Protein chains: 2
Amino acid sequence: MAPQYLPSLSSEKKSEFINSFDTIVSDCDGVIWRPEGVVPGAPEVINQFIECGKRIIFITNNSTKTREQFYAKVLKYGFNVSPENLYNTSSLVAQYTQQNLSSNKIVYVVGSPAIASELDARNVKHFGVGKDELYEDFFENVNSLKIDIKDNVGAVVVGFDQHISYVKMLKAVTYLRNEECLFVCTNTDEVFPTQSKIVLPGTGSIVAGIQVASGREPFIVGKPSTYVAEALKEEKNIKPERTLFIGDRCNTDIRMGNLCSFTTLLVLSGVHTFADVQKYESSPKAEDQQSVPQYYTDSIFDLCIK
Amino acid sequence: MAPQYLPSLSSEKKSEFINSFDTIVSDCDGVIWRPEGVVPGAPEVINQFIECGKRIIFITNNSTKTREQFYAKVLKYGFNVSPENLYNTSSLVAQYTQQNLSSNKIVYVVGSPAIASELDARNVKHFGVGKDELYEDFFENVNSLKIDIKDNVGAVVVGFDQHISYVKMLKAVTYLRNEECLFVCTNTDEVFPTQSKIVLPGTGSIVAGIQVASGREPFIVGKPSTYVAEALKEEKNIKPERTLFIGDRCNTDIRMGNLCSFTTLLVLSGVHTFADVQKYESSPKAEDQQSVPQYYTDSIFDLCIK
């Protein structure tokens with residue numbers, strides 16, 4: 001069914017729409033904030049919902065903050081969301097790794113200090129975070145390369161890493177040659193939502209390089225993975241028919257919302273445009289069809305109860 | 001048809017096989033040399049063929065050397081191959097870019113100094129080669145990012161770059177947002193052939209990241225692209241039915257050889273194993289079927305005329 005433009009509803013229909021949900025699950029980057037700052041009006045709308053007794057859950061694929069830092073940002077921008085209703089991938093990836101890592105094994109991390117902190121909090125041993133560069137004359141010295149490859153690595157965890165380098169890719173791929181070594185990624189978002197003229201490549205671009213060179217398929221904890229969806233449904237006892245999912249990306253946010261049988265709303269304030277929606281709509285692939293939202297609108301502010 | 005194991009031929013049949021070719025086109029990395037050094041016996045076999053009057057052509061997807069440096073390496077290892085019979089992707093990518101770049105435009109290069117030299121030799125203006133890193137606190141300062149984005153970039157050229165970094169990916173992807181900006185890559189080999197326990201990611205892993213974040217399909221000059229195949233066929237006036245193509249990779253070397261209607265021989269001294277051949281054989285995809293060699297053997301040395 002073609003997605004419906006929310007502002008085309010009468011104010012009565014709009015109230016009916018909003019009243020049909022007890023729980024609103026929202027993405028963050030591109031919906032409530034962007035690298036440039038908070039999306040205008042987003043805190044007002046979210047706090048209005050909370051005052052009306054709705055449960056608000058934030059779920060982000062961003063792995064550059066710990067859960068604690070994520071909560072601090074939520075507070076800083078004035079969202080009255082409870083810390084137990086926040087899901088982020090640095091925390092999810094650490095949780096999954098702890099649950100699945102063989103004993104006596106350690107983790108090689110291509111990612112942020114936030115992932116390191118979340119692994120530390122769960123007593124999972126790891127290494128790799130921070131700068132790791134190659135000396136100048138790599139190919140001339142490939143025979144005598146002094147690269148330390150450890151023999152007790154049981155997982156390669158990949159998230160956003162601003163220090164991504166050739167030697168980091170080399171190490172990740174070398175560890176992944178062992179088929180028993182887990183390959184766990186936070187998310188595969190291709191870019192960060194930004195309104196600047198600069199395009200910010202996302203974790204997906206880092207994952208793709210390691211995936212291609214290793215020939216391995218990663219396990220993804222973030223949206224649209226069922227890992228985070230199941231965690232959400234179990235822990236929060238969610239009724240899908242009374243839940244709205246808001247996101248700015250079709251193939252992560254909206255797809256996960258649809259897979260969970262939530263009502264889905266795409267906001268055009270982030271990565272995907274209406275032209276993208278039409279591309280997904282006209283694709284014959286099942287996963288593209290699952291990425292088409294039921295509703296769309298320009299900004300989360302359009303949900304404001306006037 | 002199932003590939004035939006060359007050593008299973010009688011010595012009479014093997015002579016017949018070798019005599020059926022005037023021209024032998026061979027890949028380099030993984031066939032005649034590896035990062036560790038020359039493949040034992042390779043110069044003897046190649047020079048034997050030259051003495052018998054066969055034309056030998058070397059064609060490599062490697063972009064880390066200029067054509068001149070490539071020739072120096074050929075000489076160093078004792079191959080008596082003429083410089084006009086050498087094809088490499090730093091030179092091919094510069095040639096393609098010169099032919100297709102709009103006037104007054106410049107090139108952003110993610111790649112080696114060799115690509116820079118080949119562009120210089122053709123008077124194509126470029127920038128980007130060498131280190132380019134991010135300052136420490138990227139995400140905290142994303143609003144005030146001081147990244148110089150030029151407005152006259154007409155092509156992004158991507159080859160192997162040991163200094164690949166986040167800021168290089170960001171610049172490439174930002175330039176590629178302009179649909180008129182060419183996206184030209186040397187090759188998409190996933191890894192370099194090596195016998196060390198370290199896996200060396202190839203240009204394909206760098207291309208994949210930029211491809212994912214830009215949503216653009218690159219033009220590839222290296223094998224199995226028809227660009228290099230056409231150059232070869234036109235310049236060298238090759239008779240496909242009298243030509244043998246030797247390579248260590250199914251999806252680049254062998255595929256190109258088959259697309260050119262050459263006889264194809266896979267050597268198992270590089271990237272692909274016989275198990276890989278069987279995977280391609282059993283795949284229903286046309287491009288995988290095109291990647292199955294007609295013959296295979298352990299090393300190029302098996303072609304030695306005793």
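**A strand and two listed aspartates in a predicted model**

A:D27 lies in the loop between β2 and β3 (33–34) of chain A. The model is predicted.

Reader: Happy to start there! Is A:D27 buried or exposed, and what is its relative accessible area?

Author: Good place to begin. Buried means under 20% relative accessible area. A:D27 falls under that cut-off, so it counts as buried, and its relative accessible area is 5%.

Reader: Which residue's side chain makes a polar contact of 2.7 Å with the side chain of A:D27?

Author: Let's look at the surroundings of A:D27. Leaving aside neighbours within four places in sequence, its contacts include A:I32, A:I59, A:T60, A:I246, A:G247, A:D248 and A:D253. A:K223 is also in contact with A:D27. The polar contact of 2.7 Å joins the side chain of A:D27 to that of A:K223.

Reader: Which residues does UniProt list for "active site"?

Author: The listing comes from an unreviewed UniProt entry. The lining of the second largest cavity includes both of the residues listed there.

Reader: Then where is A:D29 found, and is A:D29 buried or exposed?

Author: A:D29 is found in the loop between β2 and β3 of chain A. Not counting residues up to four places away in sequence, A:D29 touches A:T60, A:N62, A:P193 and A:D248. With a relative accessible area of 13%, under the 20% cut-off, A:D29 is therefore buried.

Reader: What are the bridge partners of A:F245 in β14(A)?

Author: Strand β2 (residues 23–26) of chain A pairs with β14(A) in the parallel sense over 4 bridges. β14(A) is also joined by 4 bridges to strand β15 (residues 263–267) of chain A, and these run parallel. A:F245 is the bridge partner of A:V25, and in β15(A) the partner of A:F245 is A:T264.

Reader: Which helix makes a β-α-β unit with β14(A) and β15(A)?

Author: The two strands are parallel and joined by 4 bridges. The β-α-β unit they belong to is right-handed. Its helix is α9 (residues 250–259) of chain A.

Methods: Residues numbered from 1 in each chain as written. Chains lettered and ligands numbered in written order. Predicted model: local features only at pLDDT ≥ 70, side-chain atom pairs only at ≥ 80, totals over all residues. Heavy atoms only, no water. Pairing = 2+ DSSP bridges. Right-handed = clockwise from strand over helix to strand, strands pointing away. UniProt positions renumbered as here; feature names shortened; annotations may be inferred. 1 Å grid on protein atoms, 1.4 Å probe; cavity = no way out; pocket = protein on both sides within 12 Å on 5 of 7 lines; lining within 4 Å. Buried < 20%, exposed > 50% of the residue type's maximum accessible area, 1.4 Å probe, protein only. Contact = heavy atoms within 4.5 Å. Polar contact = N/O pair within 3.5 Å; in protein donor to acceptor, adjacent residues only side chain to side chain.
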